[in-house]
Every structure is written in structure tokens, then in C-alpha cells.
Amino acid sequence: MQEDSNCLFCKIIRRKIPSKVAYEDDSVFAFHDIAPQAPTHILIVPKEHIATLNDLDERYEALVGKMVMAARRLAAEAGISESGYRCVLNCNRGAGQSVFHIHLHLLGGRAMGWPPG
Ligand code: 5GP
Ligand code: ZN
């Protein structure tokens, strides 16, 4: 599986940097954000190093589906399925991406405004 030895999230996935793990399977890893923006704030990442959404192609359709399904399950576990939650994928700096390993933010447990900033 492709890895970038300089990537923060590759290091977290391989437990070279500690994190509070929320979920793991063969292809997906999820951990609590170090600076939570909501009572529930979990990052769901592919184990394979993929820098941005722009680097995805049809080979990754199932993987992206697994990330979304992990978010759905983690939301249920966190008890926010009914109150509501938001799933965010920032692509590139203009949209707020700061770590260049794809990550799905699962945010919930408080009311949220729209449009996002
Ligand atoms: P982005 O801004 O790229 O969409 O999201 C990156 C997220 O990674 C941010 O919400 C940030 O708080 C989180 N983050 C950055 N460094 C670490 C870390 O070392 N550990 C954890 N658990 N989260 C991190
Ligand atoms: Zn990476």
C-alpha cells in the first residue's frame, strides 16, 4: 500500500504518531481530530496515501464508499445520527486543506451554520 514517509496521517495510520483511534479496517482508518471543531470531530482516512480529491479516479470508488460508510457508522456510535452531522472533504488550500492525505471530517454534536466559512 502506497505510503509517504513525510506524511503526518501516514505516520498516524502506522502508529508512529499516537492518536485516539475510532475505527480501523483493511483500507480505512479513523481517529479523533486533535483540535475538535465540534463535540464529535473524527477524521476518516484511506490507509493508502492519496494527497487530494483530485488524485482519485474510478479505481477508488469502493474506497471512498467505505470512508462514507465508516462516517455513517461512527455517527451512529456517537449518537448524532438523528440530531445531525456534517461530512466534509476539503480539497486543496483554497478550501482549507492543510494535511495532504485525503480525510473526511465527521462533525456533529452541535448546531451548524450554512454556508460554511
Ligand atoms: P484539513 O484542514 O486538512 O481539512 O484538516 C486537517 C485536520 O487534521 C485538522 O482538523 C487538524 O486539527 C487535524 N490534525 C492536524 N494534526 C493532527 C494530529 O497530529 N493529530 C490529529 N489527531 N489531528 C490532527
Ligand atoms: Zn499520507
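Helix α1 supplies the largest share of the shell around ligand 1, namely 3 residues; helices (H or I, at least four residues) and strands (E, at least two) are DSSP runs, numbered from the N terminus. The structure is a predicted model, in which local features need pLDDT of at least 70, side-chain atom pairs count only at pLDDT 80 or more, and totals for chains, interfaces and linings use all residues. Residues are numbered from 1 along each chain as its sequence is written, and chains are lettered from A and ligands numbered from 1 in the order in which they are written, while side-chain values use heavy atoms, with hydrogens and water left out.

The elements that give two or more residues to this shell are α1 (8-13), β2 (28-32) and β3 (40-46). In total, 17 residues surround ligand 1, each with a heavy atom within 4 Å of the molecule. The closest are Asp33, Gly96, Ser98, His103 and His105.

Polar contacts are pairs of N or O atoms within 3.5 Å. A polar backbone atom of His32 is 2.9 Å from a nitrogen atom of ligand 1, and one of Ile34 is 3.2 Å from a nitrogen atom of the ligand. An oxygen atom of ligand 1 lies 3.1 Å from a backbone N or O atom of Val99. Of the 510 Å² of accessible area that ligand 1 has on its own, the protein covers 82% (Shrake-Rupley method, 1.4 Å probe).

Terms used: Polar contact = N/O pair within 3.5 Å; in protein donor to acceptor, adjacent residues only side chain to side chain.
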